[in-house]
Amino acid sequence: GQLKPAAGTDDALHKQWLDTFRTAQKTKKRTFGTMVKNGMLRLMMGLQLPDSVAEDGTVSFKMNRPPHGYTDILYLDDKLRVTRGNRGSIVAVTREGP
């Protein structure tokens, strides 16, 4: 999969995107917990984490055994998101603060 800035992103926002993701790549901490979590994701899903950010801002990862399922967004605004999963679960998430 890929994570990348939207088409037509202005230069200032593109630079902020690159700075954010490149800083995150450089400063990620290898704790025991993250090593276990990443090991389990690699084992169960064949996850290969990204190791760099392309000049166009693309961050790529690979998952050899992706999970099967989906989430439908039923409602979305600045403070509330309501989703329904493929097995019928409904989740409401609120955002507090500014």
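User: Hi! What should I know about the model before we start?
Analyst: It is predicted, so local features need pLDDT of at least 70 and side-chain atom pairs count only at pLDDT 80 or more, while totals for chains, interfaces and linings use all residues. Residues are numbered from 1 along each chain as its sequence is written, and side-chain values use heavy atoms, with hydrogens and water left out.

User: Great. What volume does the largest pocket have?
Analyst: About 460 Å³. A pocket here is an open set of points on a 1 Å grid over the protein atoms alone, where a 1.4 Å probe fits, with protein on both sides within 12 Å along at least five of seven lines. The volume is the space filled by probe spheres set on the points, which are joined across faces, edges and corners.

User: Which residues lie nearest its centre?
Analyst: Lys-28, Thr-34, Asn-38, Leu-49 and Pro-50, out of 14 lining residues. A lining residue has an atom within 4 Å of a point.

User: And which helix gives the most to that lining?
Analyst: H2, with five residues. Helices H1 (11–27) and H2 (32–45) each supply at least two. Helices (H or I, at least four residues) and strands (E, at least two) are DSSP runs, numbered from the N terminus.

User: How many of the lining residues are charged?
Analyst: Five are charged, alongside six nonpolar and three polar.

User: Switching to the sheet: what is the strand order?
Analyst: The order is E5-E6-E7, in an open sheet of three strands with antiparallel pairing. The edge strands, E5 (71–76) and E7 (90–94), each pair on one side only. Two strands pair if DSSP finds at least two bridges between them.

User: How many bridges are there between E5 and E6?
Analyst: Five, with E6 covering residues 80–85.

User: What joins E6 to E7?
Analyst: Five bridges, again antiparallel. Arg-81 has Val-93 in E7 as its bridge partner. This hairpin has four residues between the strands, and Gly-88 in the turn has a positive phi of about 95°.

User: Is Thr-83 buried or exposed?
Analyst: Buried, because its relative accessible area is 13%, and buried means under 20% (exposed is over 50%, partly exposed in between, with a 1.4 Å probe and protein chains only). Thr-83 sits in strand E6.

User: What is Thr-83 in contact with?
Analyst: Leaving aside neighbours within four places in sequence, Thr-83 is in contact (heavy atoms within 4.5 Å) with Thr-71, Asp-72, Ile-73, Leu-74, Ser-89, Ile-90 and Val-91.

Conventions
Ala, Val, Leu, Ile, Met, Phe, Trp, Tyr, Cys and Pro count as nonpolar, Asp, Glu, Lys and Arg as charged, and the others, Gly among them, as polar.
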